[in-house]
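Subject: The structure, and what turned up in it

Hi there,

Here is the structure I promised to send over. Have a look at it first, and then read on for my notes.

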Amino acid sequence: MDALFIMLLAFVGYLLAYRLYGRYLGSKIFQLATDAKVPARELQDGVDFVPTKKEVIFGHHFTSIAGTGPIVGPAIAVIWGWVPALLWVFLGSIVMGAVHDFGALIISMRNQGKSVSEYTSKYINPRTRFIFFIIVFLELLIITAIFGLVIAVIFAMYPGSVLPVWLEIPIAMALGYAVYKRGASVLPWSIVAVAVMYLTVWWGASAPIVMPEIAGMPATGTWTLILLTYAFFASVLPVTTLLQPRDFINSHQLLIAMGLLVLGVFVAAFTTDMAFVAPAVQASPEAAPSMWPFLFITIACGAISGFHSLVSSGTSSKQIANEKDSLFVGYGGMLTESSLSMLVIIATCAGISLGYTTKAGVSLAGVSAWSAHYSSWTAAAGLGSKISAFVVGAANMMESFGMPHAIAIVIMGVFVASFAGTTLDTATRVQRYVLSELFTSLGFESFRNKYVATFVAVAAAAALAFATGASGKGALTLWPLFGAVNQVLAALVLTVITLYLLQRGSWGWILTAIPACFMVVMTFWALVINQGMYMKQGNVLLQIINGLVLVIAAWVVVEGLLRFFATLGGTPAPAVDTAR
Amino acid sequence: MCSEIAEDPRRFFFFMGKGGTGKSTVSALAACFLAARGRRVLLLSLDPAHNQADIFDRPFSGRPQTVGERVRVAEVDQRHWINRFLHSVQDHVRRAYTYQSAFNLDHWLDVLHDSPGIEEYAMILAFQHYRQVEQDIDVMILDMPPTGLAMKFLRLPRLSLRWLTHLENLRQEILRKKEIVHRIRFGRRELETDRILGRLKQQGAFYDDLKTLFENPVATRIHLVFNPDQLSIRESGRICEGLKAIALDRCLHPVLNMASREEFRLPPELFPGRSVPRLSLSDCPLIGLSALHGYLGEQGGRMDFLL
Amino acid sequence: MKGERLRQKLRGWWRTADQVARAQATEKLEWEVREMENIFALLTLGAFTGLPSPPMQLTLELLPLMERELLLMLEKVDTASDPLAELFSTLNVL
């Protein structure tokens, strides 16, 4: 019952925050006005700049920012207890994350829809473009390694999900063919595709595929190699062949999964004795990094995520028809994602209490069910255990309204794996462009060839994955690194928002400066601790990457402070076309 | 277009060669020779040096002037054609662009007068103009500028076509994708016709026509005038290679000019399998119509290769 | 009456969802088209920014039809924007 209570309380809380804090920020601090000029109308061209209804932008924006991030992060972080995780997700998103997304969207909108790296170089200085470049490069490298492992781990733990996830490929390709070559209407056919996919789930549940240990390499290792090979091929195909159709299927899966989770919480609350079995707070679990600062790095996408600024300033800002709509899209979008994270916390901490049967045939319930996953940082299968806590917890809740457990497990496993798969595909694709740019400008002509660049991208990811063990445990060491890079970017964007408000003479800059400082401090703290740890372990690759992120973080701070004090000292605002 | 070229009875004789080989004089002689045999000739000087005025000892302009029976001469003013082209671009831009103040195009276009590529294009435009306007002639003789510029002129259609094919393909791909986007977004298939693609195709047709003309050995003859000395012979070899590279070797007709020593041997590998006509040095300076006729009276037989 | 209102609402939701789906479907394609148009502009008008380009007359023949591209290019030269940033946001990685 308390799970339902928490969920409802959180939803009410989000609504209140939206209406009170969000509106306040919008009207008083950013001074959004209905009659202000927006790029969607000023630069209207029927292609990029098109005034669009806020619901449509929201749908697009939300499905772009939601992914595996808001699921995996909280699933790991509840090791420190459900209260800190919940508080960070709830409060962090309201005061930091949503403000970050909101601000990024507004600034882009008021700068002719320019992307965040463009206006960052305007508000701070042009050198910051390199920061973006390097951050994105590192992030993509880490993502490709982690998400390959995530899927591998899911395959290893839930062999029933193997078949549906691979079958998604032909289904997506068929959908792509229908829509792009045959002119089929997108929405109805993508729904059909999702329905077909759920049929395969039912098939997969009865036909699990287990990967044996090959030549001493554990199953996860083999799967990782296979998945990275898939990423290689998928990312060189045209987007309309595989990637885009997968996106449609994923968006529907997201909505369905969220619906199932909410329904599950409701029904389970009344028909079972589901309760929070996780400890409220557990500041120093065994072998785990300490809660301060790692909680704030581990949960990125559910509370605040730098990468959202790229989406805000991508297509969304070019379509806002009325300045006031940006509240719904930017602020509202982030809060909705945060609510997904909150559902994850409930599933992992309460849903799991309904018990499950381990591979060894032991039946666990209540606290012991939770502890089996979270007794230590690397308990059982490392990252795998944390994800499975979510999958099992969610399946338990769904079972309460009649869904067979095995099917529910596969649905959730497939859900996480599909999103991770699309991210893997996209990240490899973008990384290829980044590497091409970087290396051809350094004189390596061979990188013009897309296969060479893609191969290097995939190989680098494989190196990183295997350097950490190519297993669930390894992925767990990488996750804080992923979070740290993401939060450095978030800190940078918050700094830009702060400078923007400062230059407009609004005292509201404090409201974004505090989150910026908070993120900087937490990120630095975590990076320094990690560096020490990697040095002790003697892992050179991780030391280098971590070190690089440290340098970038320091760079961000220095640039931000320089500009901050310059602005306070009276340097004029950036010249030319500041609309408002 | 190709069939039109096949049906066009006119012939185009180009005379090119290193500076000083006597090509302008040879082209003037050729004009008189052919006119004497009943052909209506237009002698067009594309050479900025405008030697024809010196040879015929009278000024010429862009408007063809009658010189003797059935011979008309005109000199192309390159600057005039460059100006004409740039002004027309300026004009189109002014009419088409909405956001005028953003970009002072006039400034740019002044600089472009001497841009690489403009000279040969001006020549092409002039050539096409006369080709279109002068229908009542049998032969058009073209006194070409020195080798470098002449080769650029001959190469221009091919080079342009290479670029145009590439650009056209890119444009078609863009349109294909746009069509898909359009169809998905708005349910319709058709886009408005792409003016850029239209222009690319139009340009393609323009150059294709020229290329076909140049490569047609019946309609086009490229007379390479050279002298009996090492440098001239070496250069001719190179020009030959150059023409082969643009598939114009079948139109090549070498002419050895100022060959005073009859026994002078041409290296056999220079123009294998061909007999190269030789023109001998004239005793007196070939200035004025009567001097030209005089030379033809004596040595006319050597110019039978023109028939 | 109530049933009618409900149906209207459902139709409204379907329409919104449909528009989202269409927008998603075209987003990446549109990015590709934009990139290709940029390349096309660079190829044909590159002379104005010092790039190797086709024979000048091809550029000039196309110039009257390419106002948008020209202005875009000049603007891009001015702000030194990076296409990668746009790429990141369009190909939603996370």
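Predicted model: local features only at pLDDT ≥ 70, side-chain atom pairs only at ≥ 80, totals over all residues.

**Helices α5 and α12 of chain A**

Let's start with helix α5 (residues 82-109) and helix α12 (residues 291-298) of chain A, whose axes come within 10 Å and cross at roughly 50°. At that angle, α5(A) is oblique to α12(A). The crossing of this pair is right-handed. On the α5(A) side, the contact is made by A:Pro84, A:Ala85 and A:Trp88, while α12(A) brings in A:Met291, A:Leu295 and A:Phe296. Sorted by class, the contact of α5(A) with α12(A) has six nonpolar residues, with no polar and no charged ones.

While you are looking at α12, find A:Pro293, which is found in that helix of chain A. As a reminder, most peptide bonds are trans.

**Helices α4 and α14 of chain A**

The second pair is helix α4 (residues 69-77) and helix α14 (residues 325-349), also in chain A. Their axes come within 9 Å and cross at roughly 40°. From α4(A), the contact draws on A:Pro70, A:Ile71, A:Pro74 and A:Ala75. From α14(A) come A:Glu337, A:Leu340, A:Ser341, A:Val344, A:Ile345 and A:Thr348. The contact of α4(A) with α14(A) divides into seven nonpolar, two polar and one charged residues.

**A loop residue in chain A**

Next, look at the loop between α1 (2-29) and α2 (39-42) of chain A, where you will find A:Gln31. Though not a glycine, A:Gln31 has a positive phi of about 55°. Most residues other than glycine have a negative phi.

**Where chains C and B meet**

Finally, the interface: 32 residues of chain C are in contact with 44 residues of chain B. The two chains bury about 3,600 Å² between them, and 75% of that is on carbon and sulfur atoms. How many salt bridges are there between chain C and chain B? The count is three. In one salt bridge, the side chains of B:Arg185 and C:Glu30 meet at 3.2 Å, N to O.

Happy browsing, and do write back with any questions!

Best wishes

Conventions: Residues numbered from 1 in each chain as written. Chains lettered and ligands numbered in written order. Heavy atoms only, no water. Axes fitted to C-alpha atoms, helices over the stretch in contact; angles between N-to-C directions. Helix = DSSP H or I, 4+ residues; strand = E, 2+ residues; numbered from the N terminus. Parallel < 35°, antiparallel > 145°, perpendicular 65-115°, else oblique. Left-handed = near helix turned anticlockwise from the far one by under 90°. Contact = heavy atoms within 4.5 Å. Nonpolar A, V, L, I, M, F, W, Y, C, P; charged D, E, K, R; others polar. Buried area = accessible area lost by both parts, 1.4 Å probe. Salt bridge = Lys/Arg side-chain N within 4 Å of Asp/Glu carboxyl O.
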